[in-house]
Amino acid sequence: MEETSQHNTKDDCWVVIDGKVYDVSSYLDEHPGGDDVLLGATGKDATDEFEDAGHSKDARELMEKFFIGELDPSSTSIPELEIVKKAGKDLPRKVMEISKQYWFVPVAVVGISVVVGFLYTRKK
């Protein structure tokens, strides 16, 4: 899949559908959906997008003209994710740090409220 993703230009465009690789570079200008659709499908498995578009039997037969190979099933197409740290455990500490850094905001709001209240009651 990594090699396939490197072929993502108008002059060199490969698309993967159902584990098969197609070189659609010569078909970009003729594609009824436009070349943007095909270029947007490079570098990933475009099977779902292809199926959702509702391609006809003729379109499926035409695809065979552009077939150049199949993906290696032994290679992993989805990289393993590594969870570094859960955010929930660290949240109380972060809230305390923020409140220590910005303590003047609530103090300023209270101070302004006291002054405005004092001025308001003095006018009456």
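1. Before the charges, a definition: a salt bridge here is a side-chain nitrogen of Lys or Arg within 4 Å of a carboxyl oxygen of Asp or Glu. With that rule, a search of the whole structure turns up one salt bridge. The partners are Glu 51 and Arg 60, whose closest N and O atoms are 3.0 Å apart. Glu 51 is partly exposed at 37% relative accessible area, and Arg 60 is partly exposed too, at 32%. (Buried means under 20% relative accessible area, exposed over 50%, and partly exposed in between, with a 1.4 Å probe and protein chains only.)

2. A word on the origin of these values: this is a predicted model, in which local features need pLDDT of at least 70 and side-chain atom pairs count only at pLDDT 80 or more, while totals for chains, interfaces and linings use all residues. Residues are numbered from 1 along each chain as its sequence is written, and side-chain values use heavy atoms, leaving out hydrogens and water.

3. Now the overall fold. The chain has six helices and three strands, and read along the sequence they follow the pattern α-β-β-α-α-α-β-α-α. (Helices, H or I with at least four residues, and strands, E with at least two, are DSSP runs numbered from the N terminus.) Of the 124 residues in the chain, 20% are buried. Among contacts between residues at least 6 apart in sequence, 62% join residues at least 24 apart; a contact means heavy atoms within 4.5 Å.

4. The chain exposes about 10,000 Å², and carbon and sulfur atoms supply 58% of it. Accessible areas come from the Shrake-Rupley method with a 1.4 Å probe, and for residues only the protein chains shown count as cover.

5. Helix H6 (residues 104–123) gives the most to the nonpolar patch, four residues, and Val 107 lies in helix H6.

6. Asp 48 sits in helix H3 (residues 47–52) and is exposed, at 57% relative accessible area.

7. Asp 18 lies in the loop between strand S1 (14–17) and strand S2 (20–23), and at 52% relative accessibility it is exposed. Leaving aside residues up to four places away in sequence, Asp 18 touches Asp 45, Thr 47 and Glu 51. Its C-alpha is 8.9 Å from that of Glu 70, which is 52 residues away along the chain.

8. Finally, two other loops. Gly 43, in the loop between helix H2 (35–40) and H3, is partly exposed at 32% relative accessibility. Gly 43 and Val 16 are 27 residues apart in sequence, and their C-alpha atoms are 7.9 Å apart. Asp 11 is in the loop between helix H1 (2–5) and S1 and is exposed at 74% relative accessibility.
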